[in-house]
Structure formats: structure tokens, C-alpha cells
Amino acid sequence: MSPMAHEGHAHHHGHMGASADADRRLLAIALGLFLAFTILEVAAGLVADSLALLADAGHMATDAGALALAVFAAWAATRPARGRWTFGFARAEIIAAQVNGLALLLVAAWITFEAVRRLINPLDVDARVVVPVALAGIVLNVGVLALLSRAERQSLNVRGAYLHVATDAAAFAGTALAGVLILATGWNRFDSIASLGVAALALVAAVSLLRESGRIFLEGAPESVPPAEVGAAIVDHEGVVETHDLHVWTVTSGFPALSAHVLVEPGADCHRIRLELERMLHDRFGLDHSTLQVEHLGVDRGLRVRPSDRAAAEQ
């Protein structure tokens with residue numbers, strides 16, 4: 001029997017339409033709130049001569065930039081695929097995550113430099129201004145976190161924005177504590193120590209965003225779809241002899257994809273096996289976009305046949 005080739009595609013892109021529109025609205029509201037408070041905090045930081053407030057304001061400005069990029073990426077994700085852009089512009093969110101991560105690294109470096117300088121030569125800090133502004137910042141960030149929790153958290157775009165805001169909430173808590181300690185002890189270096197805490201949080205957030213977005217850019221397989229486990233699951237399927245040219249990657253967050261060449265036993269139903277494999281990949285690994293080339297194993301194509309299959313292959 002001569003080999004028969006069958007190629008199949010299974011794909012369902014559910015989260016890129018209506019959910020992206022809803023995400024964009026939520027992100028736009030959060031952006032407006034952050035821009036307004038950032039202006040207020042810069043003014044308060046200058047009046048109080050507080051590096052912790054200015055560091056928080058710098059972090060919030062980065063958050064606002066992250067949210068602006070997130071709004072753009074959410075809009076781009078709704079653009080239809082056309083021409084050379086066969087996946088549309090969904091990966092714009094990954095570019096946004098890269099930019100946000102790099103911006104956070106720069107903010108962390110600046111805050112660290114200023115904090116060390118002020119630890120050596122501390123300035124007088126008006127903690128009476130720092131504490132109420134920091135408390136207001138906590139309230140704002142908790143409100144924005146509640147807003148973003150309603151968005152599509154599977155999206156790296158939204159996750160990046162959520163991570164920015166959560167980091168900022170923790171930074172405001174540290175700033176408020178520093179202000180209280182300054183009021184209680186008069187030791188102004190608490191402001192710089194709180195700033196170093198903000199820098200550490202920004203660094204952690206930056207590394208997380210850059211690592212995840214970098215993995216997607218480098219076509220790495222998502223953690224939920226380990227290639228070795230996927231390959232073993234395909235080979236274990238009844239009628240499958242082997243699989244090769246197996247590739248697993250992420251088009252954009254929440255959109256893993258797979259392609260593979262699958263060899264089946266001579267006489268097996270290629271079409272049925274392909275459908276079963278697609279169903280298995282969906283149910284077990286959440287793969288909604290798979291491209292499988294399924295062929296019969298045959299000696300006339302120079303493919304190696306297991307001894308147990310040779311007799312059947314020669315019939």
C-alpha cells in the first residue's frame with residue numbers, strides 16, 4: 001500500500017475579539033486614573049522633598065506607560081489577519097511587555113542610584129505630606145487592581161499591567177510606613193530605605209516580564225505544553241508509530257501552537273487518527289491550534305519500519 005498523506009489544522013481563537021475590547025476599556029480607565037495621580041504625586045514629592053514619593057511617582061509613570069502600551073496592544077489584538085500578517089497583530093502585546101520590562105529596569109536603576117546618594121547625604125523629608133499621599137496611592141492601586149481583575153488575566157499584556165499595579169501598591173505601603181517611622185523617630189533615611197524597596201520590586205517585575213516575553217519571542221514552548229510530554233502522548237496513541245519535526249511555540253499569550261509529522265501503521269485510518277490526536281491535544285494540553293501531517297509508514301519512502309510492522313507493510 002502506498003503512503004497516504006493527510007494534513008489537518010485545528011484552531012479556535014476565542015479570546016482575541018470581544019475580550020480584547022473589554023480589556024481595552026478597563027485598561028483605558030486605569031490609565032486615566034494613574035496619569036492623574038502621577039501628576040499629583042510628583043507635586044507632593046517636590047513639596048515634601050521625598051525621594052520615596054518621587055520614586056513611587058516614577059514607578060507610576062512607568063505604570064501609566066505600561067497601561068498606555070497595553071491599551072494599544074489590546075486594540076491591535078482586535079485587528080483582523082490580512083496580507084502578510086497571517087496571525088494579525090496579536091503579538092503587539094509581547095512587544096509592549098518587552099518595552100515595559102526595559103522601562104522598569106531603567107526606573108529601578110535610577111531609584112537605586114538616588115537612594116544610595118540620599119543614604120549618604122540625607123535630606124529633610126516632610127513626612128506629614130508623604131503619609132497621606134502614600135495612603136491615597138494605596139487606595140488608588142487597590143481600586144485599579146480590582147478593575148484589572150475583571151480583565152483577561154491569561155493575556156501577558158494584562159498580566160504585565162496587573163503586575164505593575166500590584167508592585168506599585170506594595171511600594172506605596174512601604175512609603176507610608178517610612179513616613180510613619182520618620183514622624184516617630186525623625187530619621188530621614190527611612191525614606192531612602194523605602195525607595196530601595198521600590199527599586200527591588202521594580203526589578204523583580206522587570207525580570208518577570210522580560211523572561212516571559214523573551215520566551216515567546218524566541219519561540220519557546222509554554223510551560224503547560226512540554227514538547228517531550230506532548231511527543232510521548234502522540235506516540236502512545238493507538239496506531240501511531242512515531243512522530244518527528246515536532247514544534248511547540250506561543251504565537252501570543254494564551255495562544256500556543258503545534259506542528260508535527262506523524263507516522264502511523266500501514267492500513268491505519270489516517271484521518272481518524274488525526275482527529276483523535278487533535279482532540280487529545282486540546283483536552284490534555286489546551287492546544288487549539290495544531291497542524292498535523294499524518295502519513296502511513298512505508299518501506300518505499302525509505303522510512304524505517306519496525307520488525308513487527310514489516311509483514312503488514314509489504315502486503
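**Helix packing, cores and rings**

Tutor: Let's start with one crossing: H4 and H5 cross in a left-handed way. Keep in mind that this is a predicted model.

Student: At what angle do H4 and H5 pack, and how far apart are their axes?

Tutor: The angle is about 155°, and the axes are 8 Å apart. H4 covers residues 127-148, and H5 covers residues 156-185.

Student: Are H4 and H5 roughly parallel or roughly antiparallel?

Tutor: Roughly antiparallel. An angle over 145 degrees counts as that, so about 155° qualifies.

Student: What classes of residue make up the contact of H4 with H5?

Tutor: There are 22 nonpolar residues, four polar ones and two charged ones.

Student: OK, what about H3 and H5? How do they pack?

Tutor: H3, residues 92-120, packs with H5 at an angle of about 25°. Their axes are 8 Å apart. Angles under 35 degrees count as roughly parallel, so H3 and H5 are roughly parallel to each other.

Student: And which hand does the crossing of H3 and H5 have?

Tutor: That crossing is left-handed.

Student: New topic: cores. How many residues are in the largest nonpolar core?

Tutor: It has 31 residues. Those touching the most other members are Leu27, Phe34, Leu67, Val144 and Leu148.

Student: Which helices supply at least two residues of this core?

Tutor: H1 (18-48), H2 (51-77), H4 and H5 each do. The largest share comes from H4, with nine residues.

Student: What about a second core?

Tutor: There is a separate one of 20 residues. Val230, Leu258, Ala268 and Leu277 are among its members.

Student: Why would nonpolar side chains gather like that?

Tutor: In soluble globular proteins, nonpolar side chains tend to be buried together.

Student: Switching to rings. How many aromatic pairs are there?

Tutor: Three. One of them is Trp85 with Phe89, a tilted pair. Their centres are 5.1 Å apart, with 35° between the planes.

Student: How accessible are Trp85 and Phe89?

Tutor: Trp85 has 46% relative accessibility, so it counts as partly exposed. Phe89 has 26%, so it is partly exposed too.

Student: How are the rings of Trp187 and Phe190 arranged?

Tutor: Edge-to-face. The distance is 5.0 Å centre to centre, and the planes are 85° apart.

Student: Is Phe190 buried or partly exposed?

Tutor: Partly exposed, at 21% relative accessibility. Trp187, at 39%, counts as partly exposed.

Notes. Residues are numbered from 1 along each chain as its sequence is written. This is a predicted model: local features need pLDDT of at least 70, side-chain atom pairs count only at pLDDT 80 or more; totals for chains, interfaces and linings use all residues. Side-chain values use heavy atoms; hydrogens and water are left out. Axes are lines fitted to C-alpha atoms, for helices over the stretch in contact, and angles run from 0 to 180 degrees between N-to-C directions. Helices (H or I, at least four residues) and strands (E, at least two) are DSSP runs, numbered from the N terminus. Angles under 35 degrees count as roughly parallel, over 145 as roughly antiparallel, 65 to 115 as roughly perpendicular and the rest as oblique. A crossing is left-handed if the near helix is turned anticlockwise from the far one by less than a right angle, and right-handed if clockwise. Ala, Val, Leu, Ile, Met, Phe, Trp, Tyr, Cys and Pro count as nonpolar, Asp, Glu, Lys and Arg as charged, and the others, Gly among them, as polar. A nonpolar core is a set of buried Ala, Val, Leu, Ile, Met, Phe, Trp, Tyr and Cys residues joined through side-chain atoms within 4.5 Å. Buried means under 20% relative accessible area, exposed over 50%, partly exposed in between (1.4 Å probe, protein chains only). Rings of Phe, Tyr and Trp (its six-membered ring) pair if their centres lie within 6.5 Å; planes under 30 degrees apart count as stacked, over 60 as edge-to-face and the rest as tilted.
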